[in-house]
Amino acid sequence: HRNLKSISIPNSVTNIGSSAFSNCAKLTSITIPDSVEYIGVYAFLDCWELKQVNMPESMTTIGDCAFYDCDSIESVIVPKGVTKIGDWSFYGCASLTSVSIPDSVIDIQLNAFEKCVALNEINVDEMNKAYKSDSGVLLNKNETELILYPAGKKETIYNIPDSVVTINNGAF
């Protein structure tokens, strides 16, 4: 499986299980069909050449460590319908520069984007009831918690909003 470059998943699949495609190091892109609701733990672990992942709006959960160390992914659009982004789900995605989060997401685990050294913006849909984005910085909706300052932001000065009372572990 280490030499697979492309995989076609049929519409009969509803879940991508734990470690299903882990170590498919040459896999460059994958389109997940509309039937899939869940991506499991370590599903795409160490898929180093995976550049693009198209996820369907039928999905509700991106599991823990799902895209762990997928070095080549450059951007992620979390589909509408996803409510949870698991712990360490995009850990070490070194080329990831932007993430778009829809209004449906109500649970982003703290380490979801850790070691994403190129990440310079997290954009949150304005209708999201749990989170918001302030110049690409992830905050809770009422701006009392600074969740994540993206590691790849180029600014040299950032003024934390006066409303913030908690700066989360690993926020910077």
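Colleague: Which residue in β13 is the bridge partner of D134?

Modeller: A word on the source comes before the answer. This is a predicted model, in which local features need pLDDT of at least 70 and side-chain atom pairs count only at pLDDT 80 or more, while totals for chains, interfaces and linings use all residues. Residues are numbered from 1 along each chain as its sequence is written, and side-chain values use heavy atoms, with hydrogens and water left out. Strands are DSSP runs of E with at least two residues, numbered from the N terminus, and two of them pair if DSSP finds at least two bridges between them. Here, V137 in β13 is the bridge partner of D134. β12 (residues 131-134) and β13 (residues 137-140) are antiparallel, with four bridges.

Colleague: Which residue of the hairpin of β12 and β13 takes a positive phi?

Modeller: S135 does, with a phi near 55°; two residues lie between the strands of this hairpin.

Colleague: How many helices and strands are there in the protein chain?

Modeller: In a regular strand, side chains alternate between the two faces of the sheet. The protein chain has 15 strands and zero helices (a helix would be an H or I run of at least four residues).

Colleague: What percentage of the residues counts as buried?

Modeller: Buried means under 20% relative accessible area, with a 1.4 Å probe and protein chains only. In this model, 47% of the 172 residues of the protein chain are buried.

Colleague: What are the dimensions of the box that the C-alpha atoms fill?

Modeller: Taken along the principal axes, the box is roughly 50 × 30 × 20 Å.

Terms used: Buried means under 20% relative accessible area, exposed over 50%, partly exposed in between (1.4 Å probe, protein chains only).
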